[in-house]
Amino acid sequence: MLLKLISISISVCVVLIFSLIAFVRTSSSLVQLTGCAFLLIVVLAHVAEAYHLLPRMGWGLPNSPGH
């Protein structure tokens, strides 16, 4: 599972960097840059859930809001 999270994180970071470069060059890819930034937030949330970094949020518990 750790290998999957690392590979997804690396690929999202690469796409974010390329989107940032495209935004700086053309200033027309703001939507793509925003989407990549939010995707990175989702990946970081999954990493925090997998490693129980924020235990007070109750992620993964049977009575938590997501279940």
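Visitor: What makes a residue count as buried, and how many of the 67 residues are?
Guide: Buried means under 20% relative accessible area, exposed over 50%, and partly exposed in between, with a 1.4 Å probe and protein chains only. By that rule, buried residues make up 18% of the 67 residues in the chain. This is a predicted model, where local features need pLDDT of at least 70 and side-chain atom pairs count only at pLDDT 80 or more, while totals for chains, interfaces and linings use all residues. Residues are numbered from 1 along each chain as its sequence is written, and side-chain values use heavy atoms, leaving out hydrogens and water.

Visitor: Why is Thr34 called partly exposed?
Guide: Its relative accessible area is 33%, which lies between the 20% and 50% limits, so Thr34 is partly exposed. Thr34 is found in helix H2, residues 30-50; helices are DSSP runs of H or I with at least four residues, numbered from the N terminus.

Visitor: What span is expected for H2?
Guide: The expected span is 1.5 Å times one less than the number of residues. H2 has 21 residues, and its 30 Å from first C-alpha to last is close to the 30 Å expected.

Visitor: Which residues of H2 are buried?
Guide: They are Leu33, Cys36, Leu40, Val43 and Ala48. These residues lie on the same side of H2 because they cover an arc of only 140° around the axis, taken from the directions from the helix axis to the C-beta atoms. On the other side of H2, Val31 and Phe38 are exposed.

Terms used. Helices (H or I, at least four residues) and strands (E, at least two) are DSSP runs, numbered from the N terminus.
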